[in-house]
Amino acid sequence: MASLEMILEARRKGLEWLLKMRNPDGSIGPYEKGLFYYRVPWAFAVTGRDREASMLLQWIRENMFNEEGDFTGKYSRGEWTKYYYSYPNANIIYGAQILRQFDISYKGMRFLLTMQDKESGGFYDEMGENGPEGEEDIWCSSQAGLTCLITGYLKEAELVASFLEMIYEEQPDIKKKLYFVYREGEGLITKFPQEKAKAYCVDAEKPSQWYFMPGIASAFLCRIYMATGKSSYLELAEKYMEFAMRCKHLFSAPQVCKVGWGAALLYQVTRDYQYYDLAMKVADYFIEHQYPEGYWINVAPYRELQHIIEITAEFVVHLDTILCALTT
């Protein structure tokens, strides 16, 4: 099993590789290919590289931030953000808030909150797909909830917690499957084309699923439990993690990453060693799959440089959380 020293070293190597990808103007990598750098300010901030993070945010401010508070400008946002629009926005805002770049974080929040369904509490995935046709999922909603929490929008964050509770209560077969997409009027979506199954359901019996769904739900619910002390949030966080732990092929893909995030925070607030062990197993996965140069590679087809930067920034953030949570 990984030691805390090994986790620290993996985080350092990942950070050092990211720093090598910076451009002289403060941007990072092939920025014209999309918003893949959305988590880099957060990664730099929690590892003590505030200057580099602030330089990237200044580049974003000048090139990819409009008067409405949306992150769109001179360069493409990338194709995938069409379907999960709120997610990169919420991540950039999170990093900006850590760095006290309040013009970005608060203006960004005003735009982000236009994508929240005030009835269900979830956040719409696609820009302009609000209302009955719009889909809301655990992933985008949980990250938006975390961002609401760190920027002081507690009421809106609690609406997300209510959304996650509703999603869980509507599960028809939680022992085997976690359906994670909701649509107004239809409720939890349980029928979809088989070729799109991964985008709607985590199957505990199959490999290479989107395990980050229960992982990020647990992480958010732990954070809002810390903020409010409401035991129902902690209980729900454990239920989502229980599902993740039932997945037979949990370590079959990098998408296990957020399970480590949720497990580490569950250990921090419960001191239950089953969560410590799970967080350490995810850390083992990170360490075993890190390339000697310090980066990580996602599943195909996400293997171009911009995707490598994206996943490396994420793993640095998760390693940081595991390191902090397991040493408190």
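Analyst: The side chains of E186 and R183 form a salt bridge, with 2.5 Å from N to O. A salt bridge here is a side-chain nitrogen of Lys or Arg within 4 Å of a carboxyl oxygen of Asp or Glu. The model is predicted, so local features need pLDDT of at least 70 and side-chain atom pairs count only at pLDDT 80 or more, while totals for chains, interfaces and linings use all residues. Residues are numbered from 1 along each chain as its sequence is written, and side-chain values use heavy atoms, with hydrogens and water left out.

The two partners differ in cover. R183 has a relative accessible area of 18% and is therefore buried, whereas E186, at 45%, counts as partly exposed. (Buried means under 20% relative accessible area, exposed over 50%, and partly exposed in between, with a 1.4 Å probe and protein chains only.)

Strand 3 covers residues 181-183 and is joined to strand 4 by 2 bridges, the two running antiparallel. Within that pairing, Y182 stands opposite L188 of strand 4. Helix 7 (residues 154-169) packs on the sheet and touches strand 1, strand 3 and strand 4; its direction makes about 100° with that of strand 3. Contact means heavy atoms within 4.5 Å. Axes are lines fitted to C-alpha atoms, for helices over the stretch in contact, and angles run from 0 to 180 degrees between N-to-C directions.

The sheet is open, with 3 strands in the order 1-3-4 and antiparallel pairing. Strand 1 (135-137) and strand 4 (187-188) are at the edges with a single partner strand each, so one side of each has no neighbour in the sheet. Two strands pair if DSSP finds at least two bridges between them. Helices (H or I, at least four residues) and strands (E, at least two) are DSSP runs, numbered from the N terminus. For the protein chain these come to 12 helices and 5 strands.

Other salt bridges give some context, the count being 12. E52 pairs with R49, the closest N and O atoms being 2.8 Å apart. In that pair E52 is buried at 9% relative accessibility, while R49 is partly exposed at 27%. R77 and D70 also form a salt bridge, with their closest N and O atoms 3.5 Å apart, and both residues are buried. R39, K258 and E314 are linked in a network of salt bridges.

As for the chain that holds these pairs, 60% of its 328 residues count as buried. The C-alpha atoms fill a box of roughly 50 × 45 × 40 Å along the principal axes. Among contacts between residues at least 6 apart in sequence, 67% join residues at least 24 apart. The chain exposes about 13200 Å², and carbon and sulfur atoms supply 49% of that area. Accessible areas come from the Shrake-Rupley method with a 1.4 Å probe; for residues, only the protein chains shown count as cover.
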